[in-house]
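Student: I have not worked with this structure before. Could we go through it together, one part at a time?

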Amino acid sequence: MLEDRTTAPPTEGPKGPDAPQAPQGPARGEAIAATAAPGPAAPWPTAYPSGYAVVDVETTGLSRDDRIISAAVYRLDARGDVEDHWYTLVNPQRDPGPVWIHGLTSDKLAGAPLFADIAEEFAARLADRVLVAHNAVFDWSMIAREYARAERTAPVRQRLCTIALSKELGLPLPNHKLESLAAHFGVVQRQAHHALDDARVLAEAFRPSLHAAAGDGVRLPLLECRALTEWSDGSARIGHQSTGPGSYGGANSSYRPGSWRPSRKRPACPYPNPGRWQDGKPLQQGMRVAFSGDTSVERELLEDRAFEAGLHIATSVSRLTSLLVTNDPDSGTSKTTKARAFGTPVVDEAAFGQLLQDVAPADGTAGSVPPPGGPAPSDG
């Protein structure tokens, strides 16, 4: 069902699969008050956008054929003041994915509208605004693909990633998680991984970030959003649940509704290691990718997406490692220290997300990854 567009953020209460997913709030049409804060001493930059749509989506996973299961939008004016907000569940027509993270089971999503049913109202929330999200490349990619499936185009021309903005401002954050950004500005996060509360938290943290940028004359890190114009529905995981072993909907699925996260081993990467990644070139299947430190999305899901793209997930850094992904290259962890010693290329999570969108096939292959079957090899 479509939730009240003026629903208030959720209050403290039970969390997890049995927690209520439709927070209670004021009646439809009731105004939402925004706490005023002093404006910057310097004139407001004329080049800044005239409005923003702060977005959060929860999904069935991180792959290109995963689906949105809930979405929330806070619309802000040019100075970051809240105009209104909106939230909805979305029926993905498939297994809901990692229930232990977002708490949305198949039963809860059964009566929700399809994305095509909410596409028009979602578009109205995004139109003529800069899309703002934490790790925006991920949220935009999921939204663009959903609109392509619905044979429509999302009315978004630019996006702003709050991770990139925090770096531009030099905020002293311990990592790039949303909770750390929220804590820096004193914003209370009530229900993590609930799209409405995550969007509220981000909107409240974005406003002081925006004012700080305006006050210091910082150029906003705006990026172009390129919409998909067509979608080839070639995956068995779209439109219906898969039934094979190890699939999302199968008997041995690690994402059964209401299940605990299982312990599991990935199969061996079937492609040879082509060597180190080079700046300005795409990733290639078979490359060994290691991760270090906190990520804005669940590490396991990020690794899953890398594996599905044909990359080898390395548990340590060696001379054979193609790339290290970390949001804190100066942390002094064993992986970052070894990466410096070996000259291993290092990128942050946002850049890695961009690279994952276009992974080149292994030499002499069609670029497909076989289904899980055996244990992953150890790193040498």
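Predicted model: local features only at pLDDT ≥ 70, side-chain atom pairs only at ≥ 80, totals over all residues.

Student: Which residues of helix 5 are buried?

Tutor: In helix 5 (residues 162-169), the buried residues are Thr 162, Ile 163, Leu 165, Ser 166 and Leu 169. Buried means under 20% relative accessible area, exposed over 50%, and partly exposed in between (1.4 Å probe, protein chains only).

Student: Why are they on the same side of helix 5?

Tutor: They cover an arc of only 160 degrees around the axis, which puts them on the same side of helix 5. The arc is that of the directions from the helix axis to the C-beta atoms.

Student: What do they pack against?

Tutor: The buried residues of helix 5 pack against strand 4 (130-133), strand 5 (158-161), helix 6 (178-184) and helix 7 (195-216). Contact here means heavy atoms within 4.5 Å.

Student: Which residues of helix 5 and helix 7 meet?

Tutor: Thr 162, Leu 165 and Leu 169 in helix 5 meet Leu 202, Phe 206, Ser 209, Ala 212 and Ala 213 in helix 7. The axes of the two helices come within 11 Å and cross at roughly 35 degrees. Axes are lines fitted to C-alpha atoms, for helices over the stretch in contact, and angles run from 0 to 180 degrees between N-to-C directions.

Student: Is Thr 162 buried or exposed?

Tutor: Thr 162 counts as buried, at 4% relative accessibility. Leaving aside neighbours within four places in sequence, Thr 162 touches residues including Val 132, Leu 181 and Phe 206.

Student: Changing topic, in what order do the six strands of the open sheet come?

Tutor: The order is 3-2-1-4-5-6, and the pairing is mixed. Strand 3 (82-89) and strand 6 (222-224) stand at the edges, each with a single partner strand, so one side of each is left without a neighbour in the sheet. The twist averages 25 degrees from one strand to the next. Two strands pair if DSSP finds at least two bridges between them.

Student: In which sense do strand 2 and strand 3 pair?

Tutor: Strand 2 (residues 68-77) and strand 3 pair in the antiparallel sense, over seven bridges. Tyr 74 has His 85 in strand 3 as its bridge partner.

Student: And where is His 102?

Tutor: His 102 is in helix 1 (residues 99-102), and it is buried, with a relative accessible area of 4%. Its side chain reaches the backbone oxygen of Pro 96 at 2.9 Å.

Student: Last one: how many residues of strand 7 are buried?

Tutor: Five of the five residues of strand 7 (residues 288-292) are buried, so it is largely enclosed by the rest of the structure. Arg 288, Ala 290 and Ser 292 point one way from strand 7, and Val 289 and Phe 291 the other way. Strand 7 runs parallel to strand 8 (residues 312-314), joined by three bridges, and parallel to strand 9 (residues 323-326), joined by four bridges.

How values were computed:
Residues numbered from 1 in each chain as written. Heavy atoms only, no water. Polar contact = N/O pair within 3.5 Å; in protein donor to acceptor, adjacent residues only side chain to side chain.
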